[in-house]
Amino acid sequence: MIYRKSVGERIFDVFNVIILAILGASTLYPFLYTLSASLSNAEAVARQQVLLWPIKPTLESYKLVFSNSEILLAYYNTIWYTVVGTFVNVLMTTAAAYPLSRKGYSLRSIIMVYITITMFFGGGLIPTYILVNRLGLYNTRWAMIIPTAVSAWNLMMARVFFQATIPEELTDAAKIDGANEVIIFFRIVLPLSMPILAVLALYYGVAHWNDFFNPLIYISNPNLQPMSIYLRKVLIVAQVYGGEMGGEMLETLGNMALAEKVKFATAIVALLPIMMSYPFLQRYFVKGVMIGALKE
Amino acid sequence: MKEETILRVFIRRFNREKFLHLLVLPTIIYFFIFHYIPIYGIVIAFQDYSPGSGFLGSPWVGLEHFRDFFNSIYFPRLLRNTFLISFYSLIFGFPMPIIFALMLNEVRNRTFKKVVQSVSYFPNFVSIVIVVGLMNIFLSPVNGLVNLLLQKLGHQPIYFLQETRWFRFLYVSSGVWQSFGWGSILYLAALSGVSPELYESAIVDGANRFQQAIYISIPSLMPTIILLLILNIGNLLNVGFEKIILMYTPRTYEVADVISSYVYRRGLLEGEFSFGAAVGLFNNMVNFILLLIANYIARRVTEYSLW
């Protein structure tokens with residue numbers, strides 16, 4: 001079929017593309033600017049000459065970031081919480097989602113109701129805080145892992161995935177061959193479920209990497225604090241209160257221009273893993289939304 | 001005898017499924033401890049809880065904390081701020097992904113479409129601390145790019161984050177910026193599921209692109225729109241405190257302080273656990289009622305609803 005575009009449609013197409021290009025650029029620009037500023041010569045940053053591309057690129061701010069023990073410790077903590085937390089999350093979520101995806105499992109519907117209720121009702125901030133405290137988790141690394149061990153939403157997503165991709169016949173056949181369900185889960189189900197493992201690991205991983213809520217309320221020991229808390233100190237508190245709080249590092253540098261740059265570099269270092277992996281992992285993120293949107 | 005057989009059937013079934021139970025058990029325990037016990041812990045909203053005593057070990061005071069909250073001078077302010085911030089977020093944040101998806105749907109160049117899509121998702125994965133940090137950097141009155149531009153245009157620099165009239169605008173617009181791309185995924189999926197034949201026959205009937213969007217694309221999005229709208233309305237008094245406390249300063253409390261940030265300050269920072277729990281409970285109940293109302297209206301007015 002030959003379809004001729006009218007003048008109006010051509011004008012629309014041009015504007016449509018321009019507006020979308022502007023939207024795209026506006027989401028990217030703040031990050032690009034931060035990256036360029038972190039790489040530019042300190043003087044150029046101070047004189048506000050950096051607009052898009054780095055000016056006289058240098059890595060000095062990154063050298064300072066990576067020689068600052070406070071940042072390194074926070075970075076290490078974030079990595080620890082992300083790796084251990086994600087491992088626990090994915091293991092528990094898939095282990096529970098598998099039985100709940102089997103039609104023959106007798107407790108299936110009652111457990112589903114039990115979990116669904118928690119998606120609508122919760123105790124709220126204060127009772128949860130008191131509980132975590134009384135369990136002795138306050139100011140321990142486990143406060144970052146255990147209270148968020150399973151997300152009901154992700155569990156539902158994994159269950160839908162197993163229902164759709166692991167046929168009952170397959171697991172039944174393995175059972176007849178004498179394998180128990182735990183072995184079936186680890187030997188047969190998990191190896192067949194790489195896409196959902198990737199999606200879950202990404203969702204949980206990003207949530208841990210960016211987590212601000214849990215360290216804010218459960219961690220006051222500076223040795224256990226992750227990057228999010230450190231970033232708040234450097235990017236926000238120091239900015240709003242003019243460096244009277246959390247500005248020790250900026251002061252010791254004795255150089256405002258360089259301090260400004262180090263701020264940018266710190267933000268980039270915190271963003272780095274997400275920026276680097278994003279192009280490759282993006283399709284898994286999208287996949288997760290699609291699986292999550294499926295209804296039985 | 002009959003009871004014995006029932007018991008035996010039960011035990012046999014339990015044995016047959018014991019490995020399935022084993023797999024799901026840790027999660028059941030997790031939800032019991034970290035979701036059901038805190039629900040039970042709400043009882044402290046009706047007590048004078050003192051740290052060290054259990055959820056039931058403190059004296060009962062009935063509705064005293066609720067009365068204190070409703071009579072407090074902060075109550076109208078918190079309600080207004082929470083509602084307005086959430087309402088503006090909904091009004092501006094809800095249509096954006098739909099419009100964005102419809103616009104992307106009209107793009108014929110696949111590469112361009114893909115690039116814009118991928119780029120627009122990115123801010124969703126950036127930590128809220130960094131988003132607010134970037135705002136601080138760009139809006140800084142001393143060396144922020146925005147104020148640099150204002151000064152070039154002959155304006156005085158504005159201390160955006162310290163001024164009450166800018167707070168809601170900044171909160172809502174940064175939220176829209178962060179989530180419009182990611183929010184469009186479900187709509188784009190719904191649009192890609194529309195059969196091309198529908199468009200072809202519309203073209204035969206002489207419909208232009210605008211009419212195709214109105215009569216084919218938008219109706220095909222309706223179930224998704226209604227579903228997400230109900231969920232959003234159910235969250236109308238649910239403004240998380242993280243972004244608020246990252247953005248506000250005592251100078252902007254007047255417009256920025258919401259119920260959750262108040263619970264955080266009074267309940268956690270000042271240690272008034274029972275009062276905080278009461279305020280939190282009030283907030284949750286209002287949210288749940290809003291969800292019920294939204295679902296009821298959706299079911300009456302349209303053919304779609306959550307349940």
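What follows is a short chat about a predicted model.

Biologist: How many residues does the contact take from chain A and from chain B?

Modeller: Keep in mind that the model is predicted, and totals for interfaces use all residues. Counting that way, the contact takes 71 residues from chain A and 71 residues from chain B.

Biologist: Which helix gives the largest share of the side of chain A that touches chain B?

Modeller: By class, that side of chain A has 50 nonpolar, 17 polar and four charged residues. Twelve residues of it come from one helix, the largest share, and that's helix α1 (residues 7-39) of chain A.

Biologist: Is chain B a compact globule or more spread out?

Modeller: Chain B has 16 helices and zero strands. Its C-alpha atoms fill a box of roughly 75 × 60 × 40 Å along the principal axes. For 307 residues the globule rule gives 19 Å, but the radius of gyration is 26 Å, well over that, so chain B is more spread out.

Biologist: What about Ile128(B), buried or exposed?

Modeller: Ile128(B) sits in helix α7 (residues 128-139) of chain B. A residue needs 20 or more other C-beta atoms within 10 Å to count as buried. Ile128(B) has 21 of them, so it is buried.

Biologist: Which residue of chain A does Ile128(B) touch?

Modeller: Leave out residues up to four places away in sequence. Within chain B, Ile128(B) then touches Glu242(B), Lys243(B) and Leu246(B). From chain A, the residue it touches is Phe212(A).

Key
Residues numbered from 1 in each chain as written. Chains lettered and ligands numbered in written order. Predicted model: local features only at pLDDT ≥ 70, side-chain atom pairs only at ≥ 80, totals over all residues. Contact = placed C-beta atoms within 7 Å. Helix = DSSP H or I, 4+ residues; strand = E, 2+ residues; numbered from the N terminus. Nonpolar A, V, L, I, M, F, W, Y, C, P; charged D, E, K, R; others polar. Buried ≥ 20, exposed ≤ 12 C-beta atoms within 10 Å, placed from the backbone. Rg over C-alpha atoms; globule rule 2.2 N^0.38 Å.
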